[in-house]
Amino acid sequence: GIRDRTGDWSSTCALPILDATYAVEAARPITADVLEKAATKVQIDVTAQIIVLPEYATSSDAVRQNVADNIASSLNATALATTVDVSDVIKNAYNVDGLDRIVVTRLNKAGVNGTVQSVTAKKNEYLAAGTITVTTQTR
């Protein structure tokens, strides 16, 4: 469980929400009502195929894992109501040493079939990496 501000253990308390509540309560006018709402996570699944540069052939598994990690970190939003595009995923993946080419064959919300060019979170949602699958191909 999580220890709340009174020291009690509770499985339903979330410290970030409590912290926000205390901060707002300390600064709000006496006649104001405050409503806080937790954001909803929208997970994004990505499937990609890569080709590794010939000089990285002996470490292709490391390149594949680095591309998967790069994709995951580029999907984890730091704000609400953000958008991720296939082109963003591709652009960021090219920061990985040893990557020659990448083709994103699937990008969509987790559990939703098909591929879309972008996923947008609503004003009360944030984006996060779901299942990231990267396979290596040869020329």
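1. Strand S3, residues 40–52, pairs with S5 in this predicted model. The pairing is antiparallel and runs over 9 bridges.

2. The S3–S5 pair belongs to an open sheet of 3 strands. The strand order is S5-S3-S7, and the pairing is mixed. Which strands stand at the edges? They are S5 (99–109) and S7 (125–137). Each has a single partner strand, so one side of each is left without a neighbour in the sheet. On average, neighbouring strands are turned by 25 degrees against each other, direction ignored.

3. Helix H2, residues 60–75, lies across S3, S5 and S7. Against S7, the helix runs at about 165 degrees.

4. H2 also packs with helix H3, residues 86–93. Two numbers describe such a pair: the angle between the helix axes and the distance between the axes. Here the angle is about 135 degrees, and the axes of H2 and H3 are 9 Å apart. The crossing of H2 and H3 is right-handed.

5. Which residues make the contact between H2 and H3? From H2 come Val 67, Asn 70, Ile 71, Ser 74 and Leu 75. From H3 come Val 89, Asn 92 and Ala 93. By class, this contact of H2 with H3 has 5 nonpolar and 3 polar residues. No charged residues take part in the contact.

Notes:
Residues are numbered from 1 along each chain as its sequence is written. This is a predicted model: local features need pLDDT of at least 70, side-chain atom pairs count only at pLDDT 80 or more; totals for chains, interfaces and linings use all residues. Side-chain values use heavy atoms; hydrogens and water are left out. Two strands pair if DSSP finds at least two bridges between them. Helices (H or I, at least four residues) and strands (E, at least two) are DSSP runs, numbered from the N terminus. Axes are lines fitted to C-alpha atoms, for helices over the stretch in contact, and angles run from 0 to 180 degrees between N-to-C directions. Contact means heavy atoms within 4.5 Å. A crossing is left-handed if the near helix is turned anticlockwise from the far one by less than a right angle, and right-handed if clockwise. Ala, Val, Leu, Ile, Met, Phe, Trp, Tyr, Cys and Pro count as nonpolar, Asp, Glu, Lys and Arg as charged, and the others, Gly among them, as polar.
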